[in-house]
Each structure stands twice: as C-alpha cells, then as structure tokens.
Amino acid sequence: MWFKTIFRRKPMAPRKPGSAVTRSDGPLFDEAFLRRLERMSLQAQRTLRGNPSSGEHPSRRRLPTTIFSEHRPYTRGDDVRYVDWNAYARQEHVLVKLGEAEQDVHVHLLIDASRSMSVGHPLRLRLAQQLVGALGYLALAHSDRLHVAPFGPEVLRSFGPAQGKSRVIELFRFIEGIAPQPDTRVAAVLAGYARQHPQGGLLVVCSDLLAPDGLEEGLRLLAPPRWQVLVLHLLDQRDLDPRLQGPLELEDSETGQRLALTLDDATLRAYARAAREWREGIARLCARRGVRYAPILSHWPLERQVIPYLHARRLLS
Amino acid sequence: MSLLAPLGLLALLALPLIVFLHMLRERRRRVIVPSLLLWQLVPQSRAARQRRRLSITLLLLLHLLVAALLGLALARPQWDLISFGGQRHLALVIDTSISMAAPAPGGGSRLEAARSRAQALLGRSGAGGSITLITAGPQARVIDSDRTGSARLVSALAGLQPAGVGSDIAGALTLAEAVLQGRPGAQIVVLTDAALPTLATELGGRRPAVPIRWETLGGELDNRAIVAFAARPRPGAGPVQVYARVVNYGSGALRTVVRLYGDDTLLDTRPVTMQPDGEVELTWTVPRSIEFLRAELDGDDALPADDRAELGLAAYRPVRALLVSEQPAALERALRAVPGLELTVMAPSEYRGAAADLTVFDGFLPAAWPSGGVLAIHPPRDSALLSAGVAAPPSDEVTFTPAGAALFEGISLGAVEWGPATPVTPPAGATTLLSRAGQPLIVRWQAPGSTIAVWAFDLARGNLTTRLAFPLLVARTVRDLTPPAVPASALAGATLSLRTDPRATTVEVTAPDGTATPLAVDPGGQALVTFGQPGRYTLVELAGGERLYSGQVGVNAGAAFESDLRPRPVPETVAAPPPRGEREEAAQPLWPWLVALALVVILGEWVYVHARRLRGFAEG
C-alpha cells in the first residue's frame, strides 16, 4: 500500500561539510595505473617561467649546450667547453654553441570541494580527486613544482609546493582528506590565487563551475603567458538530462534555497536548452581568455575515457 | 432502503481524510540538486508553478470507494423487501366527521375525495396484503378488514357517510396500530381534511408503532355556524330563556339573519353582523308552551348542516305517581313538590294494583311488586315480598355506603332521628344505601319491570318528616326510581345511553329523515341511541304495545371544534421503525454485501499495486 510511503524517510542528505568523501570509497588509484600514467606528462607551454635546473618542460630560454641550436658571441664567463672552435676557424670569431633548455614549472591544481560536487552519482568530487591525484602524480614524477589547493568559498589549506615522487604518498593522503565545503566562489578564489602566486604556472581547475559569481573575473587575472590555465568542467549526466517529472521542490545543495516546479516536457526542454547555453558560454569565455576548456562527465571511467580525452585535447602528452 | 444505525454514516468522514492524505501524497517531492543556478534560468509556465492540485487517480477512486462502502456498511443498511413486491398491510383511517361533507377543491365533498383516494390505495397495494378500513368519526370504528382489492371493502367504502361532530383520530390510530401489530410492511394512511383544532393536542407526544402517512384533503373554506343553542326553563309555567351563539369562521365580514322557529312556527328573525372570525350571541324569551325550537342561520356557506340548530324544551319527564298510605300527609306534601309529578293518593285498602310510573307504599305492601318505580316505606314484617331480618340493637349511629353518595350528597341528616326500623333482609343484588348497626335503613334493587327502593324506618316514629332533608330525599328518590327526560339536544354522531322506564321493552327512535328504528332495552333499563344525522329525533318508550313516554331531541352539527373548516397542520409523515420481528421478516441486510465488496476492491487494489511494482522491478 502506498500509505507506508507517506511517512517514508527522506533521501539521504548530501554529505556534511568536514566529512571526507573518499576514505570509505577505496584508494584513488592502483599501482598499475600509476605506472601506465607515468609515461605521460603535462603539456606545459614554453612561455611559462620555470627553473631550468630541473624539469623536463621546454623553456623559451637558450643556454650553452652541446646540442647545437644557434650561436652567440662569446662573453666573459662562458664555459669554454661550449666554444664552437670550427666556427672560430672559419669566421675568426669566438662563438658559443646554444641549445634547447628544459625547465620545471609550477603546477597548480585547484579542486572544487563545494557541496555541489558531492551531489549525484557518481560523485564529481571523487572524479576530481582522481584527476587531481593523477595530474599531481604526473607533476611530481616529472619534477614539477606541485601546488594542490582545494577551495570552497575560499582557498583552503593547500598542499605544496612539492617536487619529486617522494611526495606522492603525502599528496594522495592530502587529496583523500579533502572534505566538502558549504558553497563555492570560483571567481573570487581564482583571483585571490592569482594574486598569491605571481610567478604563474600551469593551473588546472577541477570544478563543476556551479557558482553564482561566474568565471570571467577569475580568468582575467590568469592571463597567459604567465599562466597556462586548464578548466576541467566536471558535469553530472543528471545536470544535463535530469530524469525528473511532476511536481517537485528543488533544493539547492549549497544554499538550501528551494524552488517549486512542476516538471513537464516543456520545462525539461527549456532546462536542457539553458544548460547547453551555460556550457557554451563557459567554453566561449575560456576561448576568449586563452584557457583550455574540457568538459568531463562524472561517470566517465578515468583511465579508459578521461585520460584519453585529455590526451586528445593535448592537455596531456 | 433504511438504515439501522444511521450514526455509522459518520464513518464517511473518512472520505475527506483520504482526499487529504492523497493531497499530502501529491505534495511536491523534494529533490536536492547540486545548484539552482540552471533551474532558475528556466522560464516557468503557470501550470508548472501550480501547487497542490489533487490529481484524480485510480488509486484515489479505489480508496474512496472502499471508504464509502465501509461507511455505508457501518450504517447497517437494509433493503425493504416490501418495496420490491412484498406483502403490505395497510390501515386506511378516513375522517368521517361532519366537516368532511364540505366541498373539496376538485369537486364533490371531502369525503368523496377521501373515498376516491382510498379506492386508489385499495387497487395499488401489493398482492397478498390486507387493508383495514377505519373511520374516525365521533367514535373510531373498524369498518372492515379484508384482502387487497376486496369488493367488500369497496362496498364498505361506498357506504361511508359523515358520521357526526368530532373526529377521534387518536382512537382510530390506536385501533389501526392494534390491527397492524406484528404485521410486516404495515402502514397507516390517514385521509382527513385536517379541520381539527385539537389534533395537535390529541396526538401530542404520540410515538407511533407503525409508520403513518397523512394525506390532507380540502383547503381553506369560509363557514358560518350556530355553535351553541340552549334554553333555561324557569320554574313554574313562566317563559323560557333561549340562547344561541353564531360564529363566522371566515376571512370576510358577514351580514345575515337568524330565524327562530317554535314548534315549526317562525317566532323571530334577527339580523346579525359578524366580523371575520367574529361571533354573535343571541337571546330570546319564548313561551313555556313551546315544546321544540329551531334556529336557522342564513349561511349560504360550505357546510349547510351547521347552519341549523334544534332544541327540545321538555325539561321534565311527566311522572304519574300513586301514594298508598294510611297517613299520607307528609309524603304527599313532599311528592307534590316534585316538578312534573302527578300524584294519586289512596288508602291501602283501596289499592288494587293500579298502574303508575311510581308507586309509594307507606306501611303496606301488596302481594306482588307493581311495575315501574316502587318506594316501600316501613314495610310490614309479615310481607311475603320481603324477608324479615334480625332486629338490630337500638343505636343512633347510621352508616352511609358509597353507593348512596349520589342520593345523600348535600343533604344534612345529622339531626335526623330515624326511629325504629323494620328488619329487612335485602334480596340478592340489592344495594344498601344507608344502614344502622348493620341493619339496612335504605336499600335499592332492580326487579323485572320494577325499580324498588325500601325505606325500612317508620316515618311516623322518627323526626325525618320535620326536617328540610325530607322533601329533598323524597325528590331524589323519585328521580332515582323514575327515568329522566331525554336531553334537549345532542351533537350529531353522539351516542346517548338512555335510561328508560323500567317497564319499557323497546325504544323506537325516529330519525329526522323519518326512519324509525326500534331498539331493545337491556335488563338494566338502558338503551344506546346514536344520533347520526342532524335534526329532530323522536324517542318513544314502549312496553309491549303500550306507549310509555315520548320525547324529542334536537341533534345539531354546529360545534366550535367542527365548524371551522380551515385545515390545521398535521403531524409530519412518520416512518416509525418496525418492530424487531417484523424487521427481520421484511428486511434484507445489505451491510455484509458492502463489506464483501469493499474487501474485493481492497484485494484488487493490492493486486494492482503489487503487479505494478513487480513490473517496475522487471523493467529496472
């Protein structure tokens, strides 16, 4: 009888702030995946400022090297080992051989820990943790300087800067300890983060971008060439195609605000149109700001679909 | 269909509760979404914003059906099998008062309208039932009872006539309930013009045991009537004062005349003017020689019968008395003072058994009791007519028996010395009216053809004859031993218990229409005379072929409670619950079927819900 459903217990509320998502959901990765992942690297631009003492990313600068690229006149202090004696014999000018320089870069991984990331199935926060873990592992494995910063209404306690694979375990623990936050302010967080890290770097934002303040103000301060920004837009299939019907009272997971609606076909079509325009607007904004934009659905398997997708979008090489 | 427990219908209050629960169920389901950011961009149609609108679902209808069935079942409904062709027992109470002679709206009299309606009911009642015909005239009477459609009932119905003044509806209902007691499907139908000012009083608080349906015939009618007509004769041969009251039961003022006739001779014509619902009182003084009066109102109204009133003026019945005494002086004086008494005095030696209405023996008794009234005073001890008793010891203490209360009421006998009394043993059936020390002083009994009273004391040796009580006691004894005069008037339909001369064997009653009906007089000297028609009745008492007495009675139809033809409110049609036994026979309970149907619906709903759930699992 339906009577027993009248006083049925309501569905479980989203996780409260402060409770970790992933501790009871198993490890983020297995070792085999990490070994396969190690063969990849983050695609960083030459324009980024890095430290040539380590790292594997190509640098815009030229340094004296045995691998010839071009010459420049010898100046006092240059290492005589890089003097091109053959050129000196032909041209009677002492020239030094210059070659490609490699550098490490600052990799900033910003993970949205707002409560909206904890709604849906599978959880977007889980996928965000996996993505940040994978990208962070790549950064550490390739000697980049890694910063991991979860954020809600503001940037929380962050991880890094860290360099070297020895910090991987620490990284994973940090990521697993990220707890949902009550709400989110993407633009404010990005702007504040840009001011705190003037040296720039490769910035990856993992977020559902469901924030009232938009994205444009934050991206304005993350302009190239100092910054290379990747926006990984985590989407839930239910956000795009909500399988709801009838009279409903929708409650915002972050603000608690409620909206009474009777969902019929016309309303759902209008919602789908609004969601499409919202995504297209974000994509246009990113393109205008020189930001790479990659929408990712939360139910995509990480290794089989997300990583190849990022590889195809040249976010990974 | 009837409900045995109507309070069970309160269970139907569950219906709105179910609707409320469904509205609760239809309340918007709360869904937590990541953000309302996108939802707020959706243009919302009016229909989409509409809230708390109850949708009519199959489940709701089934629940309402189940609740309604169970609620009805709690009220314990039952089919009345009589409504489906069962036996119906009907009691038809027809008002036969004089007012039913007034015209009915459809033409004809109200009684004819009632007759037509009754005939229709006779033909409509179900087969196998019975109909009892009861008239509610001055006295309620069961006319006949037979099966439905009986020709005998139709014939009895056709013979109904207005029976007189007054309608004993309450008595008729009691008769009907008694007739219908224990019969299934019983019903009483009352056909009346409701011109009964005292109906509400008569039926007030009555709880009928049988359902009663009232059908009112006739409407508002104006009427004028002589509702009172009386005379007060003066002592001696003086004139007689006559009084009449005329009432206008109408909505308009009336100017008319009242004519007074004395022995069919016009004595006076009196113009009268009456306001609506007004009345006029009239008086006349007429000579004593007139024996019969008639007043006529020039009414020209709906009920002519009450426009006429008649009145007999014979206040006293003539008594021929014979006094047989050696010393008659005191008795003679007392007897001659009795109005209407014609006295003959003789000595015992002269007595040869002469016929008289009243014979008084003083100190003497004949060999046999004469016919008529007999008063034996101080009878001799050696008489063969009376057994001698035992002499009582001397005592002044007398005992009045309850039977003598009417004789001695208001008469002071405290200072009376009764003197010595003859010890008398009264015969069987005699009533002792006064005794002393267990010995009867005054005793009375009825013998064939005679009414006898014995005064056992000796008037000459006591002081009774010197007391004021003596002529009073003599006059009352004369009236006790002789019958009274017939009443001056009576209401139509009234039944008169006529006390006749002890010698009378037959009373011949001649109605106004000239029909003469002989009535036998019972051994107690009583005859019941019913005055069915308004007019002049003549009563003649006969002893064999001898005419003993003749009197005239004016029978009138006008009465304050009958002549007002305007209908009064009748009680609402009452559907009394039939007795338990009858209920069980005539009713088929419905509640088990309703409960069974509700269970079937619940089972169907359960199957429907679970089938849908299983289908959902299979698809999932």
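This is a predicted model: local features need pLDDT of at least 70, side-chain atom pairs count only at pLDDT 80 or more; totals for chains, interfaces and linings use all residues.
Two residues are in contact if their C-beta atoms, placed from the backbone, lie within 7 Å. Residues are numbered from 1 along each chain as its sequence is written, and chains are lettered from A and ligands numbered from 1 in the order in which they are written.

L92(B) belongs to the largest nonpolar core, a group of 85 residues. Such a core is a set of buried Ala, Val, Leu, Ile, Met, Phe, Trp, Tyr and Cys residues joined through C-beta atoms within 7 Å. A residue is buried if 20 or more other C-beta atoms lie within 10 Å of its own, exposed if 12 or fewer, and partly exposed in between, with C-beta atoms placed from the backbone. The residues with the most contacts inside the largest core are L92(B), V93(B), I134(B) and A176(B). A second, separate core has 76 residues, including L109(A), L131(A), L203(A) and L209(A).

Let us turn to chain A for a moment. Chain A has nine helices and eleven strands; helices (H or I, at least four residues) and strands (E, at least two) are DSSP runs, numbered from the N terminus. Of the 317 residues in chain A, 39% are buried. Among its contacts between residues at least 6 apart in sequence, 75% join residues at least 24 apart. Helix 3 of chain A, residues 124–141, is mostly covered, with 17 of its 18 residues buried. From first C-alpha to last, helix 3 of chain A reaches 25 Å, close to the 26 Å expected, where the expected span is 1.5 Å times one less than the number of residues. Just after this helix, S143(A) takes a positive phi of about 60°.

Six of its six residues are buried, so strand 19 of chain B is largely enclosed by the rest of the structure. Five bridges join it to strand 18 of chain B in parallel, and D362(B) stands opposite I377(B). Strand 19 of chain B also pairs with strand 25 of chain B in the parallel sense, over six bridges, with A453(B) in strand 25 as the bridge partner of L375(B).

Towards strand 21, the pairing to look for is antiparallel. Strand 23 (residues 431–436) of chain B runs antiparallel to strand 21 of chain B, and three bridges join them. Here V398(B) stands opposite R436(B), and T399(B) stands opposite S435(B). Strand 23 of chain B is also joined by five bridges to strand 24 (residues 439–447) of chain B, again antiparallel, and T432(B) has V443(B) as its bridge partner in strand 24. The hairpin of these two strands has two residues between them, and A437(B) takes a positive phi near 50° there.

In helix 8 (residues 329–336) of chain B, the buried residues are L331(B), A334(B) and L335(B). They cover an arc of only 95° around the axis, which puts them on the same side of helix 8 of chain B; the arc is that of the directions from the helix axis to the C-beta atoms. These buried residues pack against strand 16 (319–325), strand 17 (341–346), strand 18 (358–362) and helix 10 (469–481) of chain B.

Methods
Two strands pair if DSSP finds at least two bridges between them.
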